[in-house]
Structures are given as structure tokens and as C-alpha cells.
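The tour goes from the whole chain to single residues.

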Amino acid sequence: MRRQKLVCIGEPVRHQDLTLSVLGERLQGQWGAEVYGTYASTEMATTFVDCNCGCGGHLPPELMAVEIVDNQGKRVAAGEAGEVVATPLQVTGMPLLRFKTGDVATLYRDPCECGRNSWRIGPVLGRKNQMLKYRGTTVYPPAIFAVLQELKEVQAFYIEVRDDYALSDQIKVVVGSSCSELTSHHIEELLAARIRVKPEVVIEDVDTVRSQTMQEDKRKPVTFFDYRTSGVGGSVV
């Protein structure tokens, strides 16, 4: 049975240019439905939701004030990425002022194509504490995952990151694939072309990779393992 609309939570379904991601396109194709992305948290007590134009999730201004700030807590210019800071306006039991979500995204303040003037938030780039620095380039794990999702031969994956070097994180991408023709070099070159980062890629047996990512106490696969000195030792993306 075909559904008319799919409202998706937990994973971005759009790229930063607001076009549908590989995941969004697959959902749209398999379900024959319009795909809508959302962004929310328990602390926010409300939700950003895409409109029909897919130009970012609209802010309900009567329910929440939102800011995008840099590492010093100062507001960034319109269109720049930064940490999402939220102030719920109708929470009375435990009010929050300028709650730092830890999520990195972009805020759009121009009028939407749908005609509404409310601010909109773009897809989440990643978690602030999961930002990777690699040879002068900043990247977040979801950007790497988006490239891997484009490859039908890739059936599972995860990232390991260490801080063995002072100026650059050491990133290792572990891919599970049963395709003998898929090579690490091909994936490395694809990553370099798409996100200007060329980390080490290792291809292993699919079951071996899934044994690492599928954990009994987690609802989602664990695809990011942070072994940096300041890291948290493994977090869900």
C-alpha cells in the first residue's frame, strides 16, 4: 500500500543544498511518497518540520527561539553553520534558556518559497563533539556516511577516529561488502572527490562489520567510534 507522505526522524533526508539525500531518494522511490524531514529534541519540546517546498524545517516562533552560534557562543552570520541553541518559550516545569543542543546546522532567515516568513533550519551536519579535523579540512561523520550510502556494494560501515597527530585526526573507515570488485582505493577516491577528505578505507566481511555496529543495548547501529583523548569512546550516529 502506497503512502502519500513520509515524515522522517532521526536521520537527515536532505543534503546541505536541501536536495534529497540518497536515503531520501530511496525512501521516495520505494514508497512513492513525498519525503519530509524533521528536527527535534526532548528539551526543545517542539519540532522543526519541512514544508512542501523542502527548503528546511520551519521554526514555530510561538514555541521556541533559536540561535546558531560559534565556538565562543556568538551568533554567526545568516547562512553559516554553527551550534543550534534553543530557548523553549512554553515550557513551565523546567524552563531552559539558550540550551546548547550540540548539533551543528544552518539557519535560513529569508522567506520560504511556500510563502511563510518563519525561520528555517537546514539538515544537521553532525554533532559538535564529533567534528573531525583532517589535514586542514573540517568534516562531520554524516558527510562520510552519505558518500558510502551511494554505493550499493556497501552493506555496512563504521568510522574509527584517533588523535595520534597534533594537527590532524586519524580517520579509518571500515566498510562491509561482499562485492569482490569493490576496492578501498575506489572508495578513497570517491570520498576525496565529494568531501575533500581521503581517509584510510578498509574493506571487511559484512558480518564482521555488523558485529561491531549492532549492539544489544542500542536502538541504532553504532557507526562512530571516537578514540581521541577527548572523545567519548563510541557514540551513535
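Buried means under 20% relative accessible area, exposed means over 50%, and partly exposed lies in between (1.4 Å probe, protein chains only). This is a predicted model, in which local features need pLDDT of at least 70 and side-chain atom pairs count only at pLDDT 80 or more, while totals for chains, interfaces and linings use all residues. Residues are numbered from 1 along each chain as its sequence is written, and side-chain values use heavy atoms, with hydrogens and water left out.

**Stop 1: the whole chain**

Show the chain as a cartoon. There are 4 helices and 15 strands. Helices (H or I, at least four residues) and strands (E, at least two) are DSSP runs, numbered from the N terminus. The radius of gyration is 19 Å, close to the 18 Å that the globule rule gives for 237 residues, so the chain is as compact as a globular protein of that length. That radius is taken over C-alpha atoms, and the rule is 2.2 Å times the number of residues to the power 0.38. Along the principal axes, the C-alpha atoms fill a box of roughly 55 × 50 × 35 Å. Of the 237 residues, 44% count as buried.

**Stop 2: a buried strand residue**

Select L132. It sits in strand β10. Is L132 buried or exposed? With 0% relative accessibility, L132 counts as buried. Now show what surrounds it. Beyond its neighbours within four places in sequence, L132 is in contact with residues including V139, I144, V161, I171 and F224. Contact means heavy atoms within 4.5 Å. L132 and R162 are 30 residues apart along the chain, and their C-alpha atoms are separated by 9.8 Å.

**Stop 3: an exposed loop residue**

Go to N71, in the loop between β5 (64–69) and β6. N71 counts as exposed, at 60% relative accessibility. Then pick Q212. From N71 to Q212 is 141 residues in sequence and 33 Å in space, C-alpha to C-alpha.

**Stop 4: salt bridges**

Side chains of opposite charge can pair when their charged atoms come close. How many salt bridges does a search of the whole structure find? It finds 12. A salt bridge here is a side-chain nitrogen of Lys or Arg within 4 Å of a carboxyl oxygen of Asp or Glu.

Select E11 and K220. They form a salt bridge, with the closest N and O atoms 3.1 Å apart. The pair links distant parts of the chain, 209 residues apart: E11 is in the loop between β1 (5–8) and α1 (22–31), K220 in the loop between α4 (206–213) and β15 (224–226). E11 is partly exposed at 35%, and K220 is partly exposed at 33%.

Next, select E83 and K128. Their closest N and O atoms are 3.3 Å apart in a salt bridge. E83 lies in strand β6 (residues 81–88) and K128 in the loop between β9 (126–127) and β10 (132–134), so the pair ties together parts that are 45 residues apart in sequence. E83 is buried, with a relative accessible area of 7%, whereas K128 is partly exposed at 33%.

Move on to E189 and K198. This salt bridge has its closest N and O atoms 2.5 Å apart. E189 is partly exposed at 34%, and K198 is partly exposed at 38%.

Finish with E67, R75 and R98. Salt bridges link these three in a network.
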